[in-house]
Amino acid sequence: MAELHGFINVLKPPGMTSHDVVSWLRRVLKTRAIGHAGTLDPAASGVLPVAVGKATRLLEYITDAEKQYIGEVTFGIATDTLDQEGSIVAYHPMPELTEQQVEAGMQTLRGNIWQKPPAFSAVKHAGKPLYEYARAGESVEVGARRVAIHQFDLLAFTPGPYPKCLIKVGCSKGTYIRVLALDLAKSIGGTGCLSFLLRSQVGRFTTETAVTLDEIERAQEAMRHSEFLLPLSLGVANMAAVELERVEATRFLQGQRLRRSDALSAEVVGVYWGKELLGVASIQEGVLAPRKVVAKGEELGLQ
């Protein structure tokens with residue numbers, strides 16, 4: 001069986017962890033070289049970019065991409081996990097809450113803010129995930145992190161003793177929407193939890209082009225890999241591109257630095273020979289320095 005290399009835009013179902021999805025794909029695609037970009041909570045659904053083969057070397061560039069979410073916040077109910085999967089720890093009805101108050105609270109949470117990772121999260125302390133401490137009933141103090149909330153829009157509001165609102169969030173990596181939901185509730189003098197979450201976008205990966213696990217399995221059985229496997233170049237789609245001549249391409253694949261007359265200067269660029277992605281490089285003071293090589297000269301006829 002030919003080796004598989006590329007990205008898969010998986011539509012993760014609720015109830016599976018991101019690791020569960022990777023394990024499932026390893027079994028179905030019969031390869032160990034698989035990883036994912038940006039963990040989704042088990043209760044959440046939506047876009048989970050997965051890298052296969054050589055694409056795993058480009059995962060960090062996908063992880064850094066901006067993410068978008070559609071979520072529902074239920075006010076007046078607090079849980080230990082900050083979402084609907086946890087145990088309810090408090091009820092504080094908020095029947096007087098208005099749409100205008102929610103809008104005002106959202107305004108205070110746009111831009112660069114500080115967030116503390118939730119107790120039930122995969123963030124590690126002393127080499128152990130926080131959720132292990134939480135399950136053991138141990139409290140661990142972790143520092144807040146700076147995240148960017150580029151978009152925080154109210155899509156719908158439903159009043160009542162336990163009001164709900166539908167939100168759209170565009171944010172940087174490392175943002176916890178569960179924490180954002182609680183912070184929104186606190187900003188208007190109450191409590192709340194995240195009762196639904198769909199990740200609609202990670203960089204160039206969107207729900208419109210995502211494929212289900214069933215679709216992947218059927219295509220794999222029929223050896224129709226083009227139905228779910230996306231090119232390596234998608235991993236560097238947000239970077240500036242540099243195209244090399246044949247001799248330069250050969251030298252790049254050998255890990256050599258190249259002198260360029262281009263005025264371009266960038267921390268990372270995608271490097272191509274024609275339409276073939278060779279890897280990732282940086283350019284400083286006219287010198288292109290290879291950072292990651294994902295192609296082989298013999299496979300491309302470059303010797």
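View 1. Strands are DSSP runs of E of at least two residues and helices are runs of H or I of at least four, both numbered from the N terminus; two strands pair if DSSP finds at least two bridges between them. The model is predicted: local features need pLDDT of at least 70, side-chain atom pairs count only at pLDDT 80 or more, and totals for chains, interfaces and linings use all residues. Residues are numbered from 1 along each chain as its sequence is written, and side-chain values use heavy atoms, with hydrogens and water left out.

**View 2. Strand E14 pairs with strand E16 (residues 266–273) in the parallel sense.** The pairing runs over 4 bridges. Valine 242 has valine 271 of E16 as its bridge partner.

View 3. Contact means heavy atoms within 4.5 Å.

**View 4. Helix H6 (residues 213–221) has the buried residues Leu213, Ile216, Ala219 and Gln220.** These residues are on the same side of H6 because they cover an arc of only 130° around the axis, the arc being that of the directions from the helix axis to the C-beta atoms. An α-helix has 3.6 residues a turn, so residues three or four places apart point the same way. The buried residues of H6 pack against strand E1 (6–12) and helix H1 (18–29). Arg218 and Glu221 are exposed, on the face of H6 turned away from its buried side. Buried means under 20% relative accessible area, exposed over 50%, and partly exposed in between (1.4 Å probe, protein chains only).

**View 5. Methionine 223 follows H6 and has a positive phi, near 60°.** Methionine 223 is a residue other than glycine with this positive value, and lies in the loop between H6 and E14. With 45% relative accessibility, methionine 223 counts as partly exposed.

**View 6. Glutamate 285 lies in the loop between E17 and E18.** Phi of glutamate 285 is positive, near 50°, in a residue other than glycine. Glutamate 285 is exposed, at a relative accessible area of 77%.
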